[in-house]
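Okay, thanks everyone, let's get going.

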Amino acid sequence: MDIEWNLILRIFIAGVLGGLIGFEREFRAKEAGVRTHFIVALGSALFMIISQFAFSGRFDAARVAAQVVSGIGFIGAGVIIFQKNAIRGVTTAAGLWVAAAIGLSCGAAMYPVAVATTLMTILVLETMHFITRKHGERECTITVSPVSNEALLDIMKALKDSGADIQSFTLSDSVASLMLKIKQKDYVSTIDKVLSFSKGLKIEVS
């Protein structure tokens with residue numbers, strides 16, 4: 001009975017630590033949140049426990065762990081999205097991969113390593129989020145219609161004055177589409193300048 005409670009403790013700690021990373025991802029409105037990270041970490045711990053205790057005779061416990069490492073790639077690939085020439089979800093996929101590793105660590109009763117990994121992961125995610133908000137750039141697409149050549153030039157000048165980097169633009173049948181890179185700290189003011197041209201125009205920002 002003692003060993004059963006010890007094994008339950010392992011998967012419980014794995015789920016909690018994985019859930020902490022998932023909470024950070026869900027708080028940032030990312031593709032995978034608490035439930036996904038919790039289940040990945042808990043399942044990984046269970047696989048490790050099974051590999052250690054469920055088989056009698058000669059066996060290699062590392063084989064199950066190796067399959068978890070490769071298998072988690074299918075879940076990670078599911079949260080990576082290619083949209084509008086940008087790849088999103090890679091960090092969340094990496095978080096799932098780390099959650100699986102944390103689960104394996106807890107399944108092997110390596111609690112200090114699992115806790116340290118969780119804390120370092122959350123620290124890096126939060127620190128980079130803060131730095132990105134201050135100094136990072138954001139990509140967006142602005143669609144304006146119906147627009148004349150003169151109005152488009154005015155909008156582009158306003159964007160340049162606000163510090164936006166116009167990557168490309170197209171104009172077809174009075175519909176203009178501009179792809180921009182905007183500093184995070186200037187995003188709201190830049191969009192506000194674009195909206196100042198909204199009289200008589202339809203403007204979409206994505």
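So, at roughly what angle do the axes of helix 2 and helix 4 cross? They cross at roughly 35 degrees, and the axes of helix 2 (residues 34-53) and helix 4 come within 7 Å. Axes here are lines fitted to C-alpha atoms, for helices over the stretch in contact, with angles from 0 to 180 degrees between N-to-C directions. Helices and strands are DSSP runs numbered from the N terminus, H or I of at least four residues for helices and E of at least two for strands.

Quick housekeeping: this is a predicted model, where local features need pLDDT of at least 70, side-chain atom pairs count only at pLDDT 80 or more, and totals for chains, interfaces and linings use all residues. Residues are numbered from 1 along each chain as its sequence is written, and side-chain values use heavy atoms, with hydrogens and water left out.

Back to that pair. In contact, meaning heavy atoms within 4.5 Å, are residues including Val-40, Ala-41 and Met-48 of helix 2 and Gly-95, Leu-96 and Gly-103 of helix 4.

Now helix 4 (residues 90-107) against helix 5 (residues 111-135): about 165 degrees, axes 8 Å apart. That makes helix 4 roughly antiparallel to helix 5 (the label for angles over 145 degrees). This crossing is left-handed. Among the contact residues are Val-98 and Ile-102 of helix 4, and Ala-114 and Leu-125 of helix 5.

Next, have a look at Arg-10, in helix 1 (residues 2-27). Is Arg-10 buried or exposed? At 8% relative accessibility, Arg-10 counts as buried (under 20% relative accessible area, with exposed over 50%, partly exposed in between, 1.4 Å probe, protein chains only). Leaving out residues up to four places away in sequence, Arg-10 touches Ile-49, Phe-53, Cys-106 and Tyr-111, among others.

Last stop, the cores, which are sets of buried Ala, Val, Leu, Ile, Met, Phe, Trp, Tyr and Cys joined through side-chain atoms within 4.5 Å. The largest has 19 residues, and Ile-142, Val-144, Leu-159, Leu-178, Leu-180 and Ile-182 touch the most other members. Strand 3 (137-145), helix 6 (149-161), strand 5 (175-183) and helix 7 (187-195) each give two or more residues to this core. Another core, of 13 residues, lies apart from it, and includes Ala-32, Ala-41, Val-68 and Ile-72.

Methods:
Angles under 35 degrees count as roughly parallel, over 145 as roughly antiparallel, 65 to 115 as roughly perpendicular and the rest as oblique. A crossing is left-handed if the near helix is turned anticlockwise from the far one by less than a right angle, and right-handed if clockwise.
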